[in-house]
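Hi everyone, thanks for coming. Let's walk through one model together, so please have a look at the screen.

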Amino acid sequence: MSRPAVPPAVHDALVLEPRDVQFDWAALPLHWIPDEPMATHTINVLHLLLPEGERWFVEVFKDALPLITDDQLREEVLGFIGQEAIHAEAHQEVLDHLLGQGLDPRPYVRQVSWLFQRILGPRAGQSPLQQREYLIERVAFVAAIEHFTAFLGNWVLNSPGLDRAKADPTMLDLLRWHGAEEVEHRSVAYDLMVHLDPGYLRRLRGMAISGPTLVHLWIRGVRFLLAADPSLRGSIRPTWREAQRIARRGLLPEPARALRSALRYFRPSYHPTQEGSSSQALAYLATSPAARAAAH
C-alpha cells in the first residue's frame, strides 16, 4: 500500500478567510439558465442541501476542536467553520427567494433537516469513547462530502457553457465564489479525519455511505423542484438522457466524470490537493464581484 500523498507547498501557505459576501436576488428569474429548467433546478438542489448540511458541518467541526493537537490544522478548521457558516446563509437567501416566486422548498428542506439533525445529530447516552468514535465517523462523512463539493467547485470554475447559455450573473458569482472557497479549503476535512484516525477503512466507509446518499438526495431534489415549479405544472420529468444532453452542453458536470472523481478518493495515495487548483480558486476570489465588495 502506497503512502498518502504529500500536500503541495501552496496548501501550507493558505490562510482561510471567511468572506462576508452579499447578493441581491431581486432580479433573479425562476429559471436563471434561460430555457433550461432542468439544468437550473439540478444546480438549485445545492440550495436545498447546503444550508442544513453546512450548518451540520459547523456543529461537527466545533465538537472536534478539542481533539485537535496540531496548531496549523486548528487554524484551518476555524477558517473552514467561518467559511461554511457564510455559505449556509448565502444559499438560505436563495431558498427564501424561491419561496417568494411561488416555489415552496420547505417540504424537502424539512427532510434534509431531519437527516442531519435527527439521524446524524448528537446522540444521548453514549460513553466518552462512543462519543469520540461517533464524532470521528461524522468527520469522515464530511470529508467525503467535501470531496464532492470540491469537485463541483472545480467544475463551476471551469464551466464556460454556463456563460454561453447566459446564466444569471449574480447566481454565477454565488456558485463560483462558493466553488472557489470549496477548492480553497478542500483539504481541511480530509486532514482532520486523518489527524483523528489515519486508518484507510475510515475513509473508505465515509465515502461508501456518503456518496450514494448524496446521489440519492440529489435525484430526489431535482424531482422535487421540477414538480414544485409553478411555471412547469409537472410537465418535465428528469431523465438520465436529458441530464447527459445538458452535460454535453457544459451546463452540468458529466456523471461519468463525477464517478471517476469519487473513485479517486479510494486510492491509498489520494490527497484532496490532487483535485482542482488553489491558484485558480484564489484568482477567482480576487475578481469575484461579491468577494471584492466584501473586502471593502
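Okay, let's start with helix α4: what covers its buried residues includes α2 (37-64), α3 (71-100) and α9 (200-228). Before going on, a quick word on the model: it is a predicted one, where local features need pLDDT of at least 70 and side-chain atom pairs count only at pLDDT 80 or more, while totals for chains, interfaces and linings use all residues. Residues are numbered from 1 along each chain as its sequence is written, and side-chain values use heavy atoms, with hydrogens and water left out.

Helices (H or I, at least four residues) and strands (E, at least two) are DSSP runs, numbered from the N terminus. Buried means under 20% relative accessible area, exposed means over 50%, and partly exposed is in between, with a 1.4 Å probe and protein chains only. Contact means heavy atoms within 4.5 Å.

Back to α4, residues 106-119. This helix has 14 residues and reaches 19 Å from its first C-alpha to its last, close to the 20 Å expected at 1.5 Å a residue; that expected span is 1.5 Å times one less than the number of residues. Which residues of α4 are buried? They are Y108, V109, V112, L115 and F116. Seen down the axis of α4, the buried residues fall within an arc of 115 degrees, so they line one face of the helix. The arc is taken from the directions from the helix axis to the C-beta atoms. If you're wondering about the spacing, an α-helix has 3.6 residues a turn, so residues three or four places apart point the same way. On the other side of α4, R110 and R118 are exposed.

Next, the largest pocket. Its volume is about 1,000 Å³. A pocket, on a 1 Å grid over the protein atoms alone, is an open set of points where a 1.4 Å probe fits, with protein on both sides within 12 Å along at least five of seven lines, and lining residues have an atom within 4 Å of a point. Grid points are joined across faces, edges and corners, and the volume is the space filled by probe spheres set on the points.

How many residues line the largest pocket? There are 41, and T42, L152, V215, W218 and A258 lie nearest its centre. The largest share of the lining, 10 residues, comes from α9. By class, the lining has 29 nonpolar, eight polar and four charged residues. Here Ala, Val, Leu, Ile, Met, Phe, Trp, Tyr, Cys and Pro count as nonpolar, Asp, Glu, Lys and Arg as charged, and the others, Gly among them, as polar.

Now a few single residues. Q83 lies in helix α3 and is buried, with a relative accessible area of 0%. Q83 and E17 are 66 residues apart in sequence, yet 7.1 Å apart in space, C-alpha to C-alpha.

Then there's the loop between α1 (9-13) and α2, where E36 lies. E36 counts as buried at 8% relative accessibility. I33 is in the loop between α1 and α2 too, and I33 is buried at 0% relative accessible area. I33 and A165 are 132 residues apart in sequence and 6.6 Å apart in space, C-alpha to C-alpha.

D35 belongs to that loop as well, but D35 counts as exposed at 74% relative accessibility. D35 also has a positive phi of about 65 degrees, although it is not a glycine.
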